[in-house]
Amino acid sequence: MIRLLTLPAGFILDLLMGDPRWLYHPVCLIGNLISILEKGIRKVFPKTDKGERAGGILEVVLVCFITFFIPYVVIHLLYKWNFWLGFALETFWCGQLLATKSLKVESMKVYDRLKNGTIEEARYAVSMITQALSEIGVTKAAVETVAENSSDGIIAPMLYMAIGGIPLMFLYKGINTMDSMLGYKNDKYLYFGRCAARLDDVANYIPARISGWLMALSTVFVGMDTKNAVKIYRRDRRNHASPNSAQTEAAMAGALDVQLAGNAYYFGKLYEKPTIGDPIRPVKIEDIPKANKLLYATCIVGAILFFGLSVLLKTVL
């Protein structure tokens, strides 16, 4: 039962430490693994649609196996050797694989540049320097990033750790990283990355919906518009090309009483997208710290909920 404390302890560690730049991150290792396997697989499989699709499936199988099996063996052997060393490593890994503080830090860089810098610096901070985004556009992009990543960066990993410990958490991060690297609909990855993208959709399907409801309900603790958050979540949670991305964006838009998403320019080309939320009031720079406030409330409630889930599963099973 003591081992179950690695989840709340890891979450607290993430809040305190975040992702220091001097500390090598496990996701970087996973990313290197994905790149190495892709290069090797592409040399073996024919460059046809069928060959690309088969190669992509093999990539997914290998990455899933490795990202689950290696942490499982390491943590299992360490616990057998010394319980507290195993506990320390599992807690440390949990803290590394969560992104609560880093998400806040990165979004607040955008806020700082909007308040004290230039619009060009703000665009760069939000990784949209190639877009001619206005101040409102940059603010919306930052708020949307906080909302969307609250699910796949924090809530989903916590859920999977509550169910299956650190190996399942690593497996999820492997799936999520594959989607980030391979899940593009371009000539290079249309077929090779299809399996990775579909698996990520499946892995995030339940966590995204849990995240949306948690975010809507967590408005109670931060004094935001709970009624509108629930309303917009239920109405606009499907207003995105991805089956999962709009879940938390809808809850966030409703909580802030603003309208997110909508048409956007990428590399000079207009992409028409549905809006999320109602423009009850205009988007303001201060919505970035408000979004982070709701992010923290959502993640704290989630950590408590998933710790309870892990205790329940341990008791029943």
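Which charged end sits over the ring of Tyr-205? That is Arg-209, 3.6 Å from the ring centre. A charge counts as over a ring if NZ of Lys or CZ of Arg is within 6 Å of the ring centre and within 35 degrees of the ring normal. Arg-42 gives another case: it lies over the face of Phe-192, 4.2 Å from the ring centre.

Some ground rules. This is a predicted model, where local features need pLDDT of at least 70 and side-chain atom pairs count only at pLDDT 80 or more, while totals for chains, interfaces and linings use all residues. Residues are numbered from 1 along each chain as its sequence is written, and side-chain values use heavy atoms, with hydrogens and water left out.

Now ring against ring. A pair of aromatic rings is described by the distance of the centres and the angle of the planes. Rings of Phe, Tyr and Trp (its six-membered ring) pair if their centres lie within 6.5 Å; planes under 30 degrees apart are stacked, over 60 edge-to-face, and the rest tilted. By this rule there are ten aromatic pairs. Take Tyr-160 and Tyr-172: their ring centres are 5.2 Å apart and their planes at 20°, so this pair is stacked. Are these two buried or exposed? Buried means under 20% relative accessible area, exposed over 50%, and partly exposed in between (1.4 Å probe, protein chains only). Tyr-160 has 18% relative accessibility, so it counts as buried. Tyr-172 has 2%, so it is buried too. Elsewhere, Tyr-79, Phe-83, Trp-84 and Phe-87 form one aromatic cluster.

Next, the helices. Helices (H or I, at least four residues) and strands (E, at least two) are DSSP runs, numbered from the N terminus. Axes are lines fitted to C-alpha atoms, for helices over the stretch in contact, and angles run from 0 to 180 degrees between N-to-C directions.

Start with H1 (residues 6–17) and H7 (residues 135–182). Their axes come within 10 Å and cross at roughly 155°. That makes H1 roughly antiparallel to H7. The cut-offs: under 35 degrees is roughly parallel, over 145 roughly antiparallel, 65 to 115 roughly perpendicular, and the rest oblique. Which residues make the contact? Thr-6, Leu-7 and Phe-11 of H1 and Met-158, Met-161 and Ala-162 of H7. Contact means heavy atoms within 4.5 Å.

H7 also holds Asp-179. This residue is partly exposed, at 21% relative accessible area. Leaving aside neighbours within four places in sequence, Asp-179 contacts Ala-196, Ala-197 and Asp-200.

Ala-196 turns up again with Val-60. Val-60 lies in helix H3 (residues 49–81) and is buried, at 6% relative accessible area. Not counting residues up to four places away in sequence, Val-60 touches Met-178, Cys-195, Ala-196 and Leu-199.

Last stop: H10. Helix H8 (residues 194–222) and helix H10 (residues 245–256) pack at about 15°, with axes 7 Å apart. H8 and H10 are therefore roughly parallel. Arg-209, from my opening, is among the H8 residues that meet H10. On the H10 side, the residues include Gln-247 and Ala-251. Helix H9 (residues 226–236) packs on H10 at about 145°, with axes 7 Å apart. That contact involves Ile-232 and Tyr-233 of H9, among others, and again Gln-247 and Ala-251 are among the H10 residues.
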